[in-house]
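The sequence and the structure come first.

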Amino acid sequence: MSYIKAGTDASGNDIKLFYQDLGTGNATQTVVLIHGWPLSHEMWDYQLAELPAHGLRVVAYDRRGFGKSSQPWGGYDYDTLADDLKAVLDELNLQNVTLVGFSMGGGEVARYMSRHGGARVSKVAFISAVTPYLLKTEDNPDGVDQDVFDEITTNLQKDRADFLKTFGKQFYGVNLISQPVSQAHLDGDFARAYVASHKATLECAKSFAQTDFRDDLAQIQVPALIIHGDADKTVPIEASGERTANALPNASYIVYDGAPHGLFITEKDRLTQDLLAFIQEGVTVRESIGTTTIY
């Protein structure tokens with residue numbers, strides 16, 4: 001298995017990040033996929049199978065505390081997570097990179113671009129991302145009430161397994177009349193999420209809820225893509241996708257009509273095509289619900 005060292009923990013032990021490196025090793029275009037909470041890099045299963053088939057080098061890694069990566073007690077703030085991303089790019093000497101961040105991973109993209117000056121990166125993509133700032137505050141009135149995040153913490157502490165089972169259904173918009181993913185897939189996600197560190201799961205939930213990325217987004221100068229489902233009940237589009245698009249007025253913005261949070265599965269073919277168009281062609285698209293307009 002392949003690992004990258006990303007510093008040491010408080011006891012001096014190496015923190016190792018597990019990664020996969022697929023596709024053409026000398027590809028001129030590289031994609032780095034950053035997974036969402038509370039999953040691992042394995043959530044990108046379909047994209048990992050498809051994107052390398054189009055001449056791209058594709059790297060996906062497990063965030064510290066998740067998947068096969070080390071599970072240190074601390075370091076789940078976005079500054080440290082952005083430093084972990086830098087370790088991946090530097091160790092593999094990646095160039096001309098498109099960073100693709102899903103949900104919590106969108107925060108890592110934003111923080112990396114400001115904290116490390118966008119080094120090695122040519123494009124960025126925010127998929128169902130938590131940017132620009134989820135928490136409702138006096139200067140962020142369109143955010144989400146703290147009570148919502150407090151409930152997540154309470155339920156994780158009470159019964160993490162039960163929370164993950166319930167959360168997984170919301171993630172994909174599963175209900176009595178809608179079954180966009182199979183039970184087998186839900187079971188797989190539960191397994192991926194449950195192997196994560198309990199501490200990491202709690203601390204990362206706090207980080208994506210409370211971190212303000214508005215200044216980070218203001219420093220992004222490379223082409224950007226924003227994709228969000230308008231039926232996302234996990235990271236509501238009004239508090240995230242729409243406001244990220246307003247913060248990046250020159251970005252390509254695509255709204256998936258009726259799509260839930262986990263659109264990397266429910267809309268996997270469309271997502272792959274939109275990513276390929278952005279990475280390989282750089283087409284700027286402003287898309288309203290149900291229609292597309294190219295400027």
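## Contacts and core

Leaving aside residues up to four places away in sequence, Thr201 touches Trp37, Pro38, Phe66, Leu156, Arg160 and Ala196, where contact means heavy atoms within 4.5 Å. The model is predicted: local features need pLDDT of at least 70 and side-chain atom pairs count only at pLDDT 80 or more, while totals for chains, interfaces and linings use all residues. Residues are numbered from 1 along each chain as its sequence is written, and side-chain values use heavy atoms, with hydrogens and water left out.

Thr201 lies in helix H6 (residues 198–210); helices (H or I, at least four residues) and strands (E, at least two) are DSSP runs, numbered from the N terminus. With a relative accessibility of 1%, Thr201 counts as buried. Buried means under 20% relative accessible area, exposed over 50%, and partly exposed in between (1.4 Å probe, protein chains only).

The UniProt record, an unreviewed entry, lists residues 30–267 as "domain: AB hydrolase-1". UniProt positions are given in the numbering used here, feature names are shortened, and annotations may be inferred rather than shown by experiment. Over residues 30–267 the chain is 42% helix and 14% strand, and the end C-alpha atoms are 22 Å apart.

The largest nonpolar core has 96 residues, of which Val32, Trp37, Leu99, Phe126 and Phe264 touch the most other members. Helix H4 (residues 146–172) gives the most to this core, with eight residues. A nonpolar core is a set of buried Ala, Val, Leu, Ile, Met, Phe, Trp, Tyr and Cys residues joined through side-chain atoms within 4.5 Å. Beyond four places in sequence, the contacts of Leu99 include Val32, Leu85, Leu89, Val109, Tyr112 and Met113. Lys123 is also among the residues that Leu99 touches.

## Aromatic residues

The structure holds 15 aromatic pairs. Rings of Phe, Tyr and Trp (its six-membered ring) pair if their centres lie within 6.5 Å; planes under 30 degrees apart count as stacked, over 60 as edge-to-face and the rest as tilted. Two of the pairs are tabulated.

| Pair | Centre distance | Plane angle | Class |
|---|---|---|---|
| Phe171 and Tyr172 | 5.1 Å | 70 degrees | edge-to-face |
| Phe190 and Tyr194 | 5.2 Å | 15 degrees | stacked |

Both Phe171 and Tyr172 are buried. Tyr194, by contrast, is partly exposed, with a relative accessible area of 41%. Phe190 and Tyr194 are four residues apart in helix H5 (residues 183–194), so about one helical turn separates them.

One aromatic cluster is formed by Trp37, Trp44, Phe102, Phe163, Phe167, Phe171, Tyr172, Phe208 and Phe264.

Charged side chains also meet rings. Lys165 lies over the face of Phe190, at 4.6 Å from the ring centre. The charged end of Lys199 sits over the ring of Trp73, 4.4 Å from its centre. A charge sits over a ring if NZ of Lys or CZ of Arg is within 6 Å of the ring centre and within 35 degrees of the ring normal.

## Backbone features

A cis peptide bond joins Trp37 and Pro38, with omega about 5 degrees. Pro38 is found in the loop between strand E3 (30–34) and helix H1 (45–50). The bond from Thr131 to Pro132 is also cis, with omega near 0 degrees, and Pro132 is in the loop between strand E6 (121–127) and H4.

Asn96 is not a glycine, yet has a positive phi of about 50 degrees. Asn96 lies in the loop between helix H2 (78–91) and strand E5 (97–102) and is partly exposed, at 34% relative accessible area. Ser103, likewise not a glycine, has a positive phi near 55 degrees. The loop between E5 and helix H3 (104–115) holds Ser103, which counts as buried at 6% relative accessibility.

Which residues does Arg120 touch, not counting those up to four places away in sequence? They are Leu89, Asp90, Asn93, Leu94, Gln95, Asn96 and Val97. Arg120 lies in the loop between H3 and E6 and counts as partly exposed, at 24% relative accessibility. Arg120 and Asn93 are 27 residues apart in sequence and 8.6 Å apart in space, C-alpha to C-alpha.

## Confidence

The mean pLDDT of the chain is 94, and 95% of its residues reach 70 or more; pLDDT is the predictor's confidence in each residue, from 0 to 100. Over residues 283–295 the pLDDT is below 50, and this stretch has 30 contacts in the model beyond near neighbours in sequence. Where pLDDT is low, the predicted coordinates should not be read in detail.
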